[in-house]
Amino acid sequence: MISRTITVRSKALAAIGYDPEANQLAVQFPSGHIWHYSNVPLSVWEAFHAAPSRGAFYAAEIKKSGQFTAEKVTGTCGKCGDIGLLEQMCSDCGTATYQK
């Protein structure tokens with residue numbers, strides 16, 4: 001489980017996090033949506049974390065590289081449009097679950 005994320009200064013990204021035990025990377029976008037990437041080596045996380053442009057690094061080395069399995073873990077409430085974790089009850093309106 002990714003327990004700690006860091007806010008980043010980027011037009012493309014809002015926050016990033018890493019679970020070294022699971023080799024799992026989390027990327028949150030300005031929209032609020034979060035994607036998890038599996039089998040990401042610590043060396044890739046370290047390079048990502050240190051990159052002068054994390055948005056460019058993400059695009060080239062994570063998203064477009066095709067090396068890592070991606071899973072979107074957030075969705076949108078069909079009733080009010082709020083964003084939250086998939087299949088959880090909407091924390092805004094409380095009347096629907098977040099869906100893909």
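**View 1. Four aromatic residues gather in one cluster.** Tyr 18, Trp 45, Phe 48 and Phe 57 form one aromatic cluster. This is a predicted model, in which local features need pLDDT of at least 70 and side-chain atom pairs count only at pLDDT 80 or more, whereas totals for chains, interfaces and linings use all residues. Residues are numbered from 1 along each chain as its sequence is written, and side-chain values use heavy atoms, with hydrogens and water left out. Rings of Phe, Tyr and Trp (its six-membered ring) are counted as a pair if their centres lie within 6.5 Å; planes under 30 degrees apart are called stacked, over 60 edge-to-face, and the rest tilted. Five aromatic pairs are found in a search of the whole structure.

View 2. Phe 29 lies in the loop between strand 3 (24–28) and strand 4 (34–38), and Tyr 58 lies in helix 2 (residues 54–63), so the pair ties together parts that are 29 residues apart in sequence. Helices (H or I, at least four residues) and strands (E, at least two) are DSSP runs, numbered from the N terminus. For Phe 48 and Phe 57 the ring centres are 5.4 Å apart and the planes are at 20 degrees, so this pair is stacked. Phe 29 and Tyr 58 are buried, and Phe 48 and Phe 57 are buried as well. Buried means under 20% relative accessible area, exposed over 50%, and partly exposed in between (1.4 Å probe, protein chains only).

**View 3. Strand 2 is covered on both faces.** In a regular strand the side chains alternate between the two faces of the sheet. In strand 2 (residues 15–19), five of the five residues are buried: Ala 15, Gly 17 and Asp 19 on one side, and Ile 16 and Tyr 18 on the other. Two strands pair if DSSP finds at least two bridges between them. Strand 2 is joined to strand 1 (residues 5–7) by three bridges and to strand 3 by five bridges, and the strands run antiparallel in each case. Ala 15 is the bridge partner of Thr 7, and Ala 26 in strand 3 is that of Gly 17. Four residues separate strand 2 and strand 3 in their hairpin, where Asn 23 takes a positive phi near 55 degrees.

View 4. Three bridges connect strand 6 (residues 74–77) with strand 7 (residues 83–85), and Leu 85 is the bridge partner of Thr 74. Two bridges join strand 6 to strand 8 (residues 98–99), where Tyr 98 stands opposite Cys 77.

**View 5. The largest nonpolar core has 18 residues.** A nonpolar core is a set of buried Ala, Val, Leu, Ile, Met, Phe, Trp, Tyr and Cys residues joined through side-chain atoms within 4.5 Å. Leu 13, Leu 25, Val 27, Tyr 37, Phe 48, Tyr 58 and Ile 62 touch the most other members. Strand 2, strand 3, helix 1 (42–50) and helix 2 each supply at least two residues of this core.
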